[in-house]
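Let's learn to read a protein model together, one feature at a time.

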Amino acid sequence: MVLLKQQLLSVEPKPFVKWAGGKRQLMPVIEKHIPADFGAYFEPFLGGGALLFHLLTKNPGLKCNVSDLNSDLVLAYAVIRDRVKELIISLENRAKDYQKNPDSYYYSVRESEPTSHIEKASRLLFLNRTCFNGLYRVNSKGKFNVPLGRYSNPNIVNEENLLSVSHVLQSKRIQINCQDFSSILGLAKKNDFVYFDPPYQPVSKTASFTSYTDRNFSYDDLEMLVDVSEKLGQKGCKVLHSNSKSKQVLDLFSSSKWKVIEIPVNRAINSDSAKRTGHTELLIKNY
Ligand SMILES: C[S@@+](CC[C@H](N)C(=O)[O-])C[C@H]1O[C@@H](n2cnc3c(N)ncnc32)[C@H](O)[C@@H]1O
């Protein structure tokens, strides 16, 4: 039994949700731009947390302050950290119900509004595993509105990864909050590393995906983000951004304190598979 526990925890923690704009595939490129030394790590647009888990795998004792404005997502992180066994049981029950009748069970869960923390978190994980494209998208009222995906055998529980994520998040040096990105301005200190991965500015009218919350990320938000980043730079923080290669982004980061690096990517969130390849994104840093 002890051996089994060690085996489960030896799985490297990975994002437990598929998230639009998730950075797992880009980690080999982003890794090259992680500062050689830094104090605490801040990630205020956490999403699936690809870079957080990458850094924690290398250094489980890292001091981290991570956050997101999506309250359902932040609750899922807290439940995985604090009540993972109950969460796994709830997901196992959902997996059984799904197998009996995928279509009707999926839509009944999508319509449901559970109140307990365990059921809320297991609803989010279940929908993320079974919905079309594994996409989290809500309408203007904050209601999840993605249709059922076509999967023959979705991995609804993924116990090994949930246990591993739970274990690494239990470090007393990690804080997870639901808040707007600007809240970190008063918290980050000299030599801390801040990674900003906001909803991207659209490169065209049809290419936008910004519905992670009931509030879209506007150009004004991006201007505010650049202002916050410059203030962090003045404090001596090491700031790294991901964003689209759009004119708005290039103009706002045109000052010489920012180094702009173009990186080639395959874009996963597009219903037309032919449009998923051959894009360029930006990494922008002040160090
Ligand atoms: C591109 S995703 C981050 C993806 C993440 N890096 C990953 O690897 O999965 C952007 C995230 O920003 C969050 N967000 C949107 N507006 C925000 C705001 N004003 N403050 C903080 N988070 C926000 C969204 O909920 C979403 O999870």
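**Reading the model, step by step**

Q: Why does Asn133 count as partly exposed?
A: Asn133 counts as partly exposed because it has 15 C-beta neighbours inside 10 Å. A residue is buried if 20 or more other C-beta atoms lie within 10 Å of its own, exposed if 12 or fewer, and partly exposed in between, with C-beta atoms placed from the backbone. One caution: this is a predicted model, where local features need pLDDT of at least 70 and side-chain atom pairs count only at pLDDT 80 or more, while totals for chains, interfaces and linings use all residues. Residues are numbered from 1 along each chain as its sequence is written.

Q: What is the phi of Asn133, and where is the residue found?
A: Most residues other than glycine have a negative phi. Asn133 is not a glycine, yet its phi is positive, about 65 degrees. The residue is found in the loop between helix H7 (117–130) and H8; helices (H or I, at least four residues) and strands (E, at least two) are DSSP runs, numbered from the N terminus.

Q: In what order do the strands of the sheet come?
A: Strands of a sheet pair through backbone hydrogen bonds, either parallel or antiparallel. Here 7 strands make an open sheet with mixed pairing, in the order S3-S2-S1-S4-S5-S7-S6; two strands pair if DSSP finds at least two bridges between them. Strand S3 (174–178) and strand S6 (259–265) are at the edges, each with a single partner strand, so one side of each has no neighbour in the sheet.

Q: Which strands pair with S4?
A: S4 (residues 193–196) and S5 (residues 238–244) pair in the parallel sense over 4 bridges, with Val239 as the bridge partner of Val194. Strand S1 (residues 41–43) is also parallel to S4, joined to it by 2 bridges; there, Phe42 has Val194 as its bridge partner.

Q: Are the faces of S4 covered or uncovered?
A: In a regular strand the side chains alternate between the two faces of the sheet. Both faces of S4 are covered: Phe193 and Tyr195 are buried on one side, Val194 and Phe196 on the other.

Q: At what angle do H4 and H8 pack?
A: Helix H4 (residues 71–82) and helix H8 (residues 159–169) pack at an angle of about 90 degrees, with their axes 7 Å apart. Axes are lines fitted to C-alpha atoms, for helices over the stretch in contact (C-beta atoms, placed from the backbone, within 7 Å), and angles run from 0 to 180 degrees between N-to-C directions.
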